[in-house]
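Here's a quick briefing to read alongside the model. Have the structure open and follow the topics in turn.

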Amino acid sequence: MISGGPSSSTSRRCKLILERLPATLELAIAASVIAIVIGVPAGLLAGLKPHSVAAKAITAGSILGFSLPTFWVGLVLIMVFAVQLGWLPSTGRGTTVRVLGVETSLLTIDGLRHILLPALNLALFKMALVIRLTRAGTREVMLLDYIKFARAKGLSPARIVRVHVFKNILIPLVTVIGLEFGSVIAFAVVTETIFAWPGIGRLIIASINQLDRPVIVAYLLLTVVMFIVINLVVDLLYSVLDPRVRIGEAAP
């Protein structure tokens, strides 16, 4: 009985973390998708037309995204969209469905309504980062010789952007977005607390308040493992996107 106690307690804590992990992962995925879908087109527009009113507004918005604290933005989102307008729920995960033994809220309308505000709040800083990276990369690439040569060949602006500009800025974007995905998971604590999202962020806050050290250690180990896996995936994607980099082709 005595020898089986610690093992049973550890097993329960690991099970508790694994039960909360899908909620945090789907929140991080939704936030990353929002940051990419909004940030990349906005950054391209700001980079292609840097002196336009839209580009200046996008740049100013990205500065706000870096500056505004996450907890304050979350409270504002709740006040506007949940309290005053009543469009979206402010807390909870909503209706979930089980897919391959994992609960997810991304496949239900109610779940999507619940995840929209916390995902937008979590995506704000990453969106600003994607906008600035895309804008800087676009402005740098547009000044290179092969872009001038493509224009001289008579290629349409849309094809130049799609084939030459976007492909060249994609490599650093994938690297940064991949590495930032790990930080989205690790630092979703504030967003999960504000929106009462049942992920590992809220679990770690409760564990700190209760001085539950095994859960805290397990959370830190899980975060380290996720960062290692994400770095490996990013390196593999980098070798696929960049033809100059191929694993196993280095000269002996």
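F81 is partly exposed in this predicted model, because its relative accessibility of 26% falls between the 20% and 50% cut-offs. W87 sits at 54%, so W87 counts as exposed.

**The aromatic pair**
- The count of aromatic pairs comes to one.
- That pair is F81 with W87: the ring centres are 6.2 Å apart and the planes sit at 45°, so we call the pair tilted.
- The 45° angle is neither under 30 nor over 60 degrees, which is why neither stacked nor edge-to-face applies here.

**Where α3 meets α4**
- F81 turns up again in this contact, on the α3 side, along with T70, V73, G74 and L77.
- Across from them, α4 brings in L117, L120, N121 and L124.
- Sorted by class, the α3 contact with α4 has six nonpolar and three polar residues, and no charged ones.
- As for geometry, α3 covers residues 70-84 and α4 covers residues 109-142; their axes come within 10 Å and cross at roughly 145°.
- The handedness of the α3 and α4 crossing is right-handed.

**K126, a lysine tucked away**
- K126 belongs to helix α4.
- Is K126 buried or exposed? With a relative accessible area of 14%, K126 is under the 20% cut-off and so counts as buried.
- Setting aside neighbours within four places in sequence, K126 has contacts with A35, E180, S183 and V184.

- Nonpolar side chains tend to be buried together in soluble globular proteins.
- The largest nonpolar core here holds 34 residues, and the members touching the most others are I17, L27, I115, A119, L122, I200 and L222.
- Six helices each give this core at least two residues: α1 (4-48), α2 (53-67), α4, α6 (157-186), α8 (200-209) and α9 (213-241).
- Which helix supplies the largest share of this core? That's α1, with 11 residues.

**A196 and its backbone**
- Most residues other than glycine have a negative phi.
- A196 has a positive phi, near 50°, despite not being a glycine.
- You'll find A196 in the loop between α7 (189-194) and α8.
- A196 has 24% relative accessibility, so A196 is partly exposed.

**N168 on α6**
- N168 is part of helix α6, and its 39% relative accessibility makes N168 partly exposed.
- Leaving out neighbours within four places in sequence, N168 is in contact with V141 and Y146.
- N168 and T138 are 30 residues apart along the chain, yet their C-alpha atoms are separated by 8.7 Å.

**The whole chain**
- The protein has nine helices and two strands, which run along the sequence as α-α-α-β-β-α-α-α-α-α-α.
- Of its 252 residues, 38% count as buried.
- Taking contacts between residues at least 6 apart in sequence, 71% join residues at least 24 apart.

Key:
Residues are numbered from 1 along each chain as its sequence is written. This is a predicted model: local features need pLDDT of at least 70, side-chain atom pairs count only at pLDDT 80 or more; totals for chains, interfaces and linings use all residues. Side-chain values use heavy atoms; hydrogens and water are left out. Rings of Phe, Tyr and Trp (its six-membered ring) pair if their centres lie within 6.5 Å; planes under 30 degrees apart count as stacked, over 60 as edge-to-face and the rest as tilted. Buried means under 20% relative accessible area, exposed over 50%, partly exposed in between (1.4 Å probe, protein chains only). Axes are lines fitted to C-alpha atoms, for helices over the stretch in contact, and angles run from 0 to 180 degrees between N-to-C directions. Helices (H or I, at least four residues) and strands (E, at least two) are DSSP runs, numbered from the N terminus. A crossing is left-handed if the near helix is turned anticlockwise from the far one by less than a right angle, and right-handed if clockwise. Contact means heavy atoms within 4.5 Å. Ala, Val, Leu, Ile, Met, Phe, Trp, Tyr, Cys and Pro count as nonpolar, Asp, Glu, Lys and Arg as charged, and the others, Gly among them, as polar. A nonpolar core is a set of buried Ala, Val, Leu, Ile, Met, Phe, Trp, Tyr and Cys residues joined through side-chain atoms within 4.5 Å.
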